[in-house]
Amino acid sequence: MKIKYSELIDQTLYFPTEEFNVSENNLLFHDIPLMEVVEKFGTPLKISYLPRISQNIQKAKSWFREAFEKTDYKKNYRYCYCTKSSHFKFVLEEALKNDISIETSSAYDMDIVKSLYKEGKVDKDIEVICNGFKTDDYLAKISDMINNGFENITPILDNYRELDKLTESIDTTFDIGIRIASEEEPKFEFYTSRLGIGYKDIIPYYSQKIAEHPNARLKMLHFFINTGIKDTAYYWNELYKCLRVYARLKKIAPEVNSLNIGGGFPIKTSLQFDYDYQYMVEEIVSQIKKFCEEEGVEEPNIYTEFGSFTVGESGANIYKIISQKRQNDREKWNMIDSSFMTTLPDTWAISRHFIMLPLNRWDDTYERVFLGGLTCDSDDYYNSEQHTNAIYLPVFSDTKPLYIGFFHTGAYQETIGGYGGVHHCLMPQPRHILIQKDENGDFQYEIFREKQEPEDVLKLLGY
């Protein structure tokens, strides 16, 4: 009978993996000795491993490059980083090392671009794709930057009003795009996305408002499926509908030269993760090329806007099991030294799973447990892993501390959880560290932000 935790992993999972390994009964994450990190910085702890950002960007670029070569695709590919997935400066700076463009979703993103420019991190030729519903403030900032020489800013029209407002305030020629309001999957509560302009309305709108416009040049058609890039009949059907619009538009608007297929690459949320990125990229590129050839139109430049894929796998959250509560003869609750609702809000809001593994004691016997957070909310818990529908961890001991990690948590969690703010039951924000590699391959640690102190929270509340 296999009773060690390491034996459980061996018999249920493909392990070790690209990211994870075990040395001397302790877990390594990208070869980072996590127990040494815990001893140095304590718990709870947020980790951002920056090299993973560049690695994923370069992977995506290589998949598209190989697909272009295989299909003899004549145009270009452009990788955009979707800033809303993580707005941190260290994320943008790492991503920008890889010759990328930026995709924004609000007026405040434009302030980030301006800040990066002032610090010399980007030039005025930085390409910015402006998505989302645009408030007057957002439109004003777009217009101001274009007027001041940021010529590669492309606002993607979400509604008819936006072009009128941009026309009033921009005094030079400028590029625009149009977002298609895609149809959602049948399980959605609504039929058509609230974002963008309907399929049937795009051609008439171009003919009436854009074709003879003195300054605006339609450059891009934008397409995005909320459920992501998946090998499903729904995804391919929506892509074909988008391509039909592109072909019709291209025949009357030769200046249109780019198709933006948005984001939607998944990230590894389980050690059983199975997704063929190369196949999906080749199939998308092949379908676009084939459709354009059949329609007799020039194939477009392809843009993507990967957010979670860019930054998600760089993040990890580490906790200590501080106590175990036995509520009945079957349920054991391991209590972490933080809160899931505040540090990993997706586990509560959308029942999201992340890769969860113990950091130490891999040669100890294991038990089935539930994980509880420290707030008084009944929803502050985590109770299953995707590969087993249960949580198994080394047996709790008062004398042998147990540490656990949640991995690939780098996208959305901080902004959704209210980074630097007041959290549920006043749970403090954990210490946050950045990990880089120097030219010798040695790990470099930097404290990005210290743990919140009680006085910080009380000050926010007016005390």
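Mentor: Let us begin with one side chain, bearing in mind that this is a predicted model. A residue is called buried when its relative accessible area is under 20%, and F88 therefore counts as buried, with a relative accessibility of 14%.

Trainee: Is Y419 buried or partly exposed?

Mentor: Y419 has a relative accessible area of 22%, so this residue is partly exposed.

Trainee: How many aromatic pairs does a search of the whole structure find, and how are the rings of F88 and Y419 arranged?

Mentor: The search finds 38 aromatic pairs. Planes over 60 degrees apart count as edge-to-face, and because the planes of F88 and Y419 stand at 80°, with ring centres 4.8 Å apart, theirs is an edge-to-face pair. The two residues lie 331 residues apart in the chain, F88 in the loop between β5 and α4 and Y419 in the loop between α14 and β20.

Trainee: How are the rings of F265 and Y277 arranged?

Mentor: Their centres are 5.1 Å apart and their planes lie at 75°, so F265 and Y277 are also an edge-to-face pair. F265 sits in the loop between β11 and α10, whereas Y277 belongs to helix α10, twelve residues away, and both residues are buried. Ring pairs also join F265 and Y277 to a cluster that includes W63, Y79 and F306.

Trainee: Which residues of strand β15 are buried on each side?

Mentor: I355 and L357 are buried on one side, and M356 and P358 on the other, so that both faces are covered. Strand β15 pairs with β19 in the antiparallel sense over four bridges, and L357 stands opposite G405 in β19.

Methods. Residues numbered from 1 in each chain as written. Predicted model: local features only at pLDDT ≥ 70, side-chain atom pairs only at ≥ 80, totals over all residues. Heavy atoms only, no water. Buried < 20%, exposed > 50% of the residue type's maximum accessible area, 1.4 Å probe, protein only. Pairing = 2+ DSSP bridges. Phe/Tyr/Trp six-rings, centres within 6.5 Å; stacked < 30°, edge-to-face > 60°.
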